[in-house]
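Please keep the sequence and the model at hand while reading.

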Amino acid sequence: MSAIGVLRIAISLAVVFLLVKPLGAYMARVYEGRRTLLDPVLRPLERLLYRLCRIDPNEDMTWQTYTIAMLVFTIAGELLLYGFQRLQPILPLNPQGMSAVSPDLSLNTAMSFTTNTNWQNYGGETTLSYFTQMAGLTVKNFVSAAVGLAIMVALIRGLARRSAQAIGNFWVDTVRSCLYVLLPLSVVLALALASQGVVATLSPYKTAALLQPTSYEQSITDAGGKPVLDAKGQPKTKTVKVTDQVIAVGPAASQIAIKELGTNGGGFFNVNSAHPFENPTPFSNFLEMVAILLLPAAVCYTFGKMIGDTRQGWAILAAMTIVFVLLLIPAYIGEAGGNPLLAKLGVDNVATATNPGGNMEGKELRFGVPNSVLWATATTAASNGSVNSMHDSFMPLVGMIPMWLIQLGEVIFGGVGSGLYGMIVFAIVAVFIAGLMVGRTPEYLGKKIGAFEIKMASIAILIPPLLVLCGTALGVMVDAGKAGVSNPGEHGFSEILYAFSSASNNNGSAFAGLNANTPFYNTALGIVMLFARYWLAIPVLALAGAFAAAKRVPPSAGTLPTHTPLFVAVLIGTVITVGALTFVPALALGPVVEHYLLYAAAP
């Protein structure tokens, strides 16, 4: 660890926390329908959208109606994105002549971007047209994040209301999330990123002459694509000379802005924010880093404002931050220590003015270890999934930290909206456990926690681990799952475990050594993503309806305060206990074993 590295991390986090209160208060005004600074510009557009779509903004929906509207909207969007990919050759804005995407990959991508996972089994610059990237993926980046915010707001309303039958209007919540929150922030960030060199153009890819032409041997194949053999039975090859390079460009800046702000994570280019056209400078890296955590942190204050007690929001934010920092510190220490096998060969792992030090495999020199580790920790804590370094190349125990952050349920900041409502579900369980300890009926924010509420909370907490473990078991048992592993052994197991952890918690990052662009993984991961998103969303909306209908119970001497350091500790303990008891055995088979084998080889 270096002082400058610690300072970089501290500045990034400080900026996030300085913006929590003003942005959170603004969002509370948006969802409460109060006037904002953007009303003169956006209110007429909002009204126009309601008229065009024949939406009654004054309608208050029951949780069942709200849920149906959410499901219809997301399924329709998924089918539309699937169609864009399959019909790509005949749609406009396709200067590179991209062909139709295969059915299984199209389905996986549609499910991925609809559920805010943004798992990518393809390279954007070699697979998708500008139209698909803009009208398909970028639009889904906005609306999938807006749906998460809408579900969050519905739950907050349920906790704030008493003896009510409705929890708000899904269409209004989604429109206002896009217009008043995501769109203005994205415009500002996109312009800032474009100023740093992030590409934003509709022109075709560029061709540049190489300063040093090179050549390579290419296999000769027949009409069926099979290698042609010589008289000795060896594959025939031909020498190919390369004198120029095709440089991919495109309308990236706008997609990069919302991919970070909406905790989507899907990159315009294959290597995501490690690509110099997505993330060219340390300042662009700083802006994107702040954007990843900004909304997940700010909604905690929004929660406190909307229920009339900001202490509740600060308590949840404190729990998130403590867990985040406690995992960030060992991640930085582990990666800054370097690889012992390289140290054994005499490679200097110490950071100096000319040597970045540490384990630099899979990292960009312009970011170094501290920015790479901070990004990896934040992107997995916040359900973002974008990367500026390759998680597959981290030291075994350091790679385990992002994986475990995902496995905790994406509630340590978590996705936009989904992280907060996930943490509220854990808070309900924590209150229930505390109530059992003292022998009284548990309550949260004046609402009693009964059998129905704890059943819904249990479903929301247990479904993701079930999907992770069952999916991983399937992946390591069937031949189709094992065929995608490029690193057999404990690391190959980690790659499969990470893939299903990422999909089951709607993160989207990966240990990229796994070849997941196969019918098996496209289908299995796609199904897991759908279940993970909606088997959580539906119980959360059911909780919102139950809380809205309940009467408020006045606090008494036996009521557990949920804004104190004690409750923060109980909440953290609940989250970590569920994660540890569920995943420690699986983690022991992967990164833990790999760690011991690595150090055994480097005495």
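The report starts with the valine and then turns to the salt bridges.

## Model

This is a predicted model. Every distance and accessibility below is computed from it.

## Valine 175

Valine 175 sits in helix 7, which covers residues 170-196. Is valine 175 buried or exposed? Its relative accessibility is 16%, so valine 175 counts as buried, the cut-off for buried being under 20%.

Which residues does valine 175 touch, leaving aside those up to four places away in sequence? The contacts are Glu46, Leu49 and Tyr50. Leucine 293 lies 118 residues from valine 175 along the chain. The C-alpha atoms of valine 175 and leucine 293 are 22 Å apart.

How many salt bridges does the rule give? The count comes to twelve. One of them pairs aspartate 173 with arginine 157, at 2.7 Å from N to O. This pair links distant parts of the chain. Aspartate 173 belongs to helix 7, while arginine 157 belongs to helix 6 (residues 130-160).

In general, side chains of opposite charge can pair when their charged atoms come close.

## Partly exposed and exposed partners

Arginine 366 and glutamate 364 form another salt bridge, with 2.6 Å between the closest N and O atoms. How accessible are the partners? Arginine 366 has a relative accessibility of 25%, so it counts as partly exposed. Glutamate 364 has a relative accessible area of 26% and is therefore partly exposed.

Aspartate 479 and lysine 482 also form a salt bridge. Here the closest N and O atoms are 3.8 Å apart, and the cut-off for a salt bridge is within 4 Å. Why are aspartate 479 and lysine 482 separated by about one helical turn? The reason is that they are three residues apart in helix 16 (residues 479-482). Aspartate 479 is exposed because its relative accessible area is 60%, the cut-off for exposed being over 50%. Lysine 482 has a relative accessible area of 42%, so lysine 482 is partly exposed.

Some salt bridges share partners. Which residues do they join into one network? The network consists of Asp39, Arg43, Glu46 and Arg176. Glu46 is also one of the residues that valine 175 touches.

How values were computed:
Residues numbered from 1 in each chain as written. Predicted model: local features only at pLDDT ≥ 70, side-chain atom pairs only at ≥ 80, totals over all residues. Heavy atoms only, no water. Helix = DSSP H or I, 4+ residues; strand = E, 2+ residues; numbered from the N terminus. Buried < 20%, exposed > 50% of the residue type's maximum accessible area, 1.4 Å probe, protein only. Contact = heavy atoms within 4.5 Å. Salt bridge = Lys/Arg side-chain N within 4 Å of Asp/Glu carboxyl O.
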